[in-house]
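Take a look at the chain below.

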Amino acid sequence: MLPTLILKNQKPYRRFHPWIFGGEVAQDPGAEPGALVEIHDHNHKFRGVGFYNPHSQIRVRFLTREHQTIDRGWWYDRLERALVYRQRFVRNTNAFRWVHGEADGLPGLTVDRYEDYLVVQFLAMGLEPWREVILDTLVQLGAPKGIYERSDAPVRALEGLEERVGLLRGEMPPEFIEIQEGPTRLLVDVVHGQKTGFFLDQRDNRALVSRFAKDRDVLNCFAYTGGFSVQAGVGGATSVLSVEISEPAAQLCDQNAALNRISNHLTITANAFDLLREFNREGRSFDMVILDPPAFAKSRGALEGAIKGYKEINLRALRLLTPGGILVTCSCSAPVDLRTFRETLAHAAQDAGKTVRILEERGASADHAPLLGVPETEYLKCIVATVM
Ligand code: SAH
């Protein structure tokens, strides 16, 4: 028998959300942080099983809504389902997100596959007792050469956990893992790179850039290691200019361009805000501008500042675009929903004096697809627009 947590009377839709916040709890189970608990509603009806953590604002993370025993077999089943889903919906690459936390019914767990190596993040206290079971199962199902941990995400602190990195199984990944994404090849540094090494959620949006880049002068701001840049190059761009503030990322961006034989490519290590302003002043122009900044708002409190930031870069990018030019603009801030992002873009277009047509509104690739009714999982928006 698991300890029982009793909920207050909830709005019906909240019953299917994967999290329970402290304020929604009527009676705590008095269990250890990270323990499994049964969740009962105010009528004492069984609602599921989840990870309990009294230190976190997210008091419970649901694992199941059914009467299931959480054991080795349960983990095997969930991890296998997650893999089968990727095998169906992720194509033309050997790098994909195998497990995307809550969206796979595996709260707090991230598993990314880069060629023969796995990179994992354990971001919930409740996962800690299951580390070995999870790693065993990943080896069984995925037969990786090595599993490397990158639990150095700030959200670990919110769970009361220390950051952890290091080799967990098999052999150490090479300095750069070469992955293949559509027609491009990319070097990924899983030890020093951002997040787990690469932004796999943008795969389909990068592919779209390749379709639209032909004969265009392309500016890629917030380029990281050049995923969008090489797609533009492979797609036949006349020239590609990458802008990235981090020196190691900028270096890798150059290496990736070379690896894909993109000869008309240049990386500038700079603050994109400053550079966009400078280019505006100089009256520079481009036929395609890509904006993929880091999340300007990680919480609701930062929303206003984030919107200002999005407006500024989009305004400046729109000014640079030639008639018929294409803007690919992204936001990975969860608190900025699609409506808000579109509205911000509209304000930027108005101030830039440009009429803008929306070609596509897109989200993350299938391996990061959001859960219906869980806005937290719908963080990535990508608007593709053309100026008249
Ligand atoms: N488009 C990339 C991912 C971009 S992540 C891809 O497809 O892989 C955002 C990047 O913006 C990070 O590499 C970060 O270092 C960089 N960055 C953050 N602030 C910046 C700034 N002010 N100017 C330029 N780059 C910045």
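What follows goes through some side chains of this structure, one group at a time.

Keep in mind that the model is predicted. Start with the aromatic rings. The count comes to 10 aromatic pairs. Take Phe222 and Phe273 as one example. Their ring centres lie 6.4 Å apart, and their planes meet at 85°. An angle over 60 degrees counts as edge-to-face, so this pair is edge-to-face. Now place the two rings on the chain. Phe222 belongs to the loop between strand 14 (217–221) and helix 5 (227–234), while Phe273 is in helix 7 (residues 272–282). The pair therefore ties together parts that are 51 residues apart in sequence. Phe222 has a relative accessible area of 16%. The cut-off for buried is under 20%, so Phe222 is buried.

A second pair joins Phe296 and Tyr310. Here the ring centres are 4.6 Å apart, with the planes at 40°, so the pair is tilted. This pair, too, links distant parts of the chain. Phe296 sits in the loop between strand 17 (286–291) and helix 8 (303–320). Tyr310 is in helix 8, and the two residues are 14 residues apart. How accessible is Phe296? Its relative accessibility is 23%, so Phe296 counts as partly exposed. Tyr310 is buried, at a relative accessible area of 1%. Now put the rings together. Ring pairs link Phe222, Phe273, Phe296, Tyr310 and Phe341 into a cluster.

Rings can also meet charges. The charged end of Arg65 sits over the ring of Phe62, at 3.7 Å from its centre. Arg211 lies over the face of Phe212, and there the distance to the ring centre is 5.4 Å.

Next come the nonpolar residues. In soluble globular proteins, nonpolar side chains tend to be buried together. The largest nonpolar core in this model has 32 residues. Which of them touch the most other members? They are Leu219, Cys221, Val289, Leu291, Leu318 and Leu327. Several elements give two or more residues to this core, including strand 14, strand 15 (239–244), helix 7 and strand 17. Strand 18 (321–331), helix 9 (338–352) and strand 20 (381–387) are also among them. Helix 8 gives the most, with 8 residues. Look at Val289 in detail. Leaving aside neighbours within four places in sequence, Val289 is in contact with Leu219, Ala317, Leu321, Ile326, Leu327 and Val328. Another core lies apart from the largest one. This other core has 30 residues, among them Ala82, Leu83, Ala124 and Ile147.

Now turn to the cysteines. How many disulfides does the structure hold? The number is 0. A disulfide needs sulfur atoms within 2.5 Å. Cys253 has its closest cysteine sulfur in Cys221, 12 Å away, and that is also too far for a bond. Cys221 is buried, with a relative accessible area of 2%. Cys253 counts as buried at 1% relative accessibility.

Asp104 lies in the loop between strand 7 (95–100) and strand 8 (109–114). Is Asp104 buried or exposed? At 16% relative accessibility, Asp104 counts as buried. Leaving aside neighbours within four places in sequence, Asp104 is in contact with Arg78, Ala82, Arg86, Trp98 and Val99.

Definitions and conventions:
Residues numbered from 1 in each chain as written. Predicted model: local features only at pLDDT ≥ 70, side-chain atom pairs only at ≥ 80, totals over all residues. Heavy atoms only, no water. Phe/Tyr/Trp six-rings, centres within 6.5 Å; stacked < 30°, edge-to-face > 60°. Helix = DSSP H or I, 4+ residues; strand = E, 2+ residues; numbered from the N terminus. Buried < 20%, exposed > 50% of the residue type's maximum accessible area, 1.4 Å probe, protein only. Lys NZ or Arg CZ within 6 Å of the ring centre and 35° of its normal. Core = buried A, V, L, I, M, F, W, Y, C linked by side-chain atoms within 4.5 Å. Contact = heavy atoms within 4.5 Å.
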